[in-house]
Amino acid sequence: MEIDTGSTSWMLISTAIVLLMTPGLAFFYGGMTRAKSVLNMMMMSFVSIITVTVTWVIYGHSLAFDAVGDGTGFVNKIVGGLDAVGLSGVVDTFSAGLLPDSTSDNIPNIVFSAFQLTFAIITVALISGAIADRAKFGAWVVFSVVWATVVYFPVAHWVWGGGWLFNMGIEDFAGGTVVHINAGAAALALALVLGKRAGWRKEPMRPHNLTLVLLGVGLLWFGWFGFNAGSELAVDGTTGLAFINTQIAAAVAAGAWIVVEKFRDGHATTLGVASGAVAGLVAITPAAGFVNPLMALALGVIAGAVCAYAVGLKYRLGFDDSLDVVGVHLVGGVIGAVSLGFISEFPFLPQQAKGLFFGGDLGQLGLQVLGPVAVGVYSFVATFIIGKIIDKTMGFRIAQEDEVTGIDITTHAETGYDLGTIHSSGVTSPNGPAVPAEAKKVDA
């Protein structure tokens with residue numbers, strides 16, 4: 001089998017820009033927090049790159065994409081095997097541009113593994129937005145390893161790696177179920193484990209730097225083209241369809257969100273346009289290669305408007321999801337995944353079917369409901385248990401006085417902004433060293 005150099009080049013580019021999404025998420029989340037916790041928020045994303053990369057190499061790829069035995073047994077429906085531990089067998093040895101016959105999609109297996117690694121990284125990082133300002137950094141590091149192992153790798157196997165949902169024919173083009181519903185349900189569970197921030201609903205907790213938010217969403221939007229179009233694992237018409245649908249849904253959802261804001265609050269905000277774009281990107285993720293552009297447009301309108309209202313659920317239900325992971329990623333992911341039961345037009349696996357609007361039956365719709373429910377419940381329950389165990393053993397939440405002071409300085413001994421010089425007198429001068437009063441005197 002010959003290497004498709006065009007597809008392989010595209011996949012390498014896609015992998016790089018999907019990895020860039022995690023620093024983009026760090027900017028997006030960092031700008032949304034208060035100034036005293038911006039570094040900690042960004043560190044939670046960056047350390048996820050470290051922990052998930054290590055676990056992926058050692059056993060993550062194997063648990064997600066390796067087959068158990070002949071690949072047809074009960075265990076293989078739940079989790080992958082261990083034959084690819086340490087990426088054993090994933091590194092392709094070839095010459096003269098030839099790949100082993102077992103390699104699919106005419107790209108090296110190691111490139112596919114690197115691409116999937118970037119998905120695992122950002123899924124873990126997404127969860128951190130729900131617990132901004134109040135989580136112990138060490139506890140988060142432990143959580144990221146355990147959660148990736150117990151939750152992400154098995155769920156990726158269920159949907160993409162030959163597990164039970166894959167075999168039933170679920171449609172999830174680029175991760176609406178695996179990434180966004182999975183992370184959103186986990187975020188809700190972890191927010192409940194850690195509880196509310198000190199002063200929640202009593203003190204203003206507005207984003208401290210909206211320019212960072214817009215920078216972050218710009219990087220996310222850019223990277224999402226690799227996220228969605230790259231998931232075709234080739235360069236063909238479906239790649240182009242996923243690419244344009246990504247742009248359509250993001251732009252339309254951003255517009256829908258600020259229209260809702262204008263009518264509801266009287267103002268269209270920069271945070272609204274950023275959040276709306278992310279909501280559209282989340283909703284189109286499972287649908288990118290399955291729907292036509294008009295359906296992508298409709299999906300963007302629905303996701304932008306619904307998520308604009310959904311972010312307020314935390315106030316009605318009383319859970320402190322700091323950066324609206326539940327309202328955007330869980331709700332947006334459900335909208336995108338379930339919509340395929342109605343609007344899917346281009347299924348590409350034999351076990352998949354068109355949506356109701358294009359001649360399909362209720363079977364695909366039922367599966368598009370079953371998948372999000374199964375993944376959401378599993379992720380929520382497993383995350384709640386993991387969070388509770390960590391909380392009881394090493395403590396998951398920082399002390400309240402440290403939270404009030406600011407987690408950046410108490411945990412990392414750093415601050416995000418050094419806006420002045422502190423002198424021995426304790427007086428801060430924003431323009432450099434203070435000038436003693438006597439030095440200002442001018443002799444007559």
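Is Arg 201 buried or exposed? Arg 201 is exposed, at a relative accessible area of 55% (exposed means over 50%, buried under 20% and partly exposed in between, using a 1.4 Å probe and protein chains only). This is a predicted model, in which local features need pLDDT of at least 70, side-chain atom pairs count only at pLDDT 80 or more, and totals for chains, interfaces and linings use all residues. Residues are numbered from 1 along each chain as its sequence is written, and side-chain values use heavy atoms, leaving out hydrogens and water.

**Backbone angles to look for**
- Most residues other than glycine have a negative phi.
- Arg 201 has a positive phi near 75 degrees, and it sits in the loop between helix 7 (176-194) and helix 8 (210-229).
- Helices here are DSSP runs of H or I with at least four residues, numbered from the N terminus.
- Leu 87, also not a glycine, has a positive phi of about 60 degrees.
- Leu 87 belongs to the loop between helix 3 (74-78) and helix 4, and it counts as buried at 14% relative accessibility.

**Helix 4**
- Helix 4 covers residues 109-127, 19 residues in total, and reaches 28 Å from its first C-alpha to its last.
- That is close to the 27 Å expected at 1.5 Å a residue (1.5 Å times one less than the number of residues).
- Because 16 of its 19 residues are buried, helix 4 is largely enclosed by the rest of the structure.

Key
Helix = DSSP H or I, 4+ residues; strand = E, 2+ residues; numbered from the N terminus.
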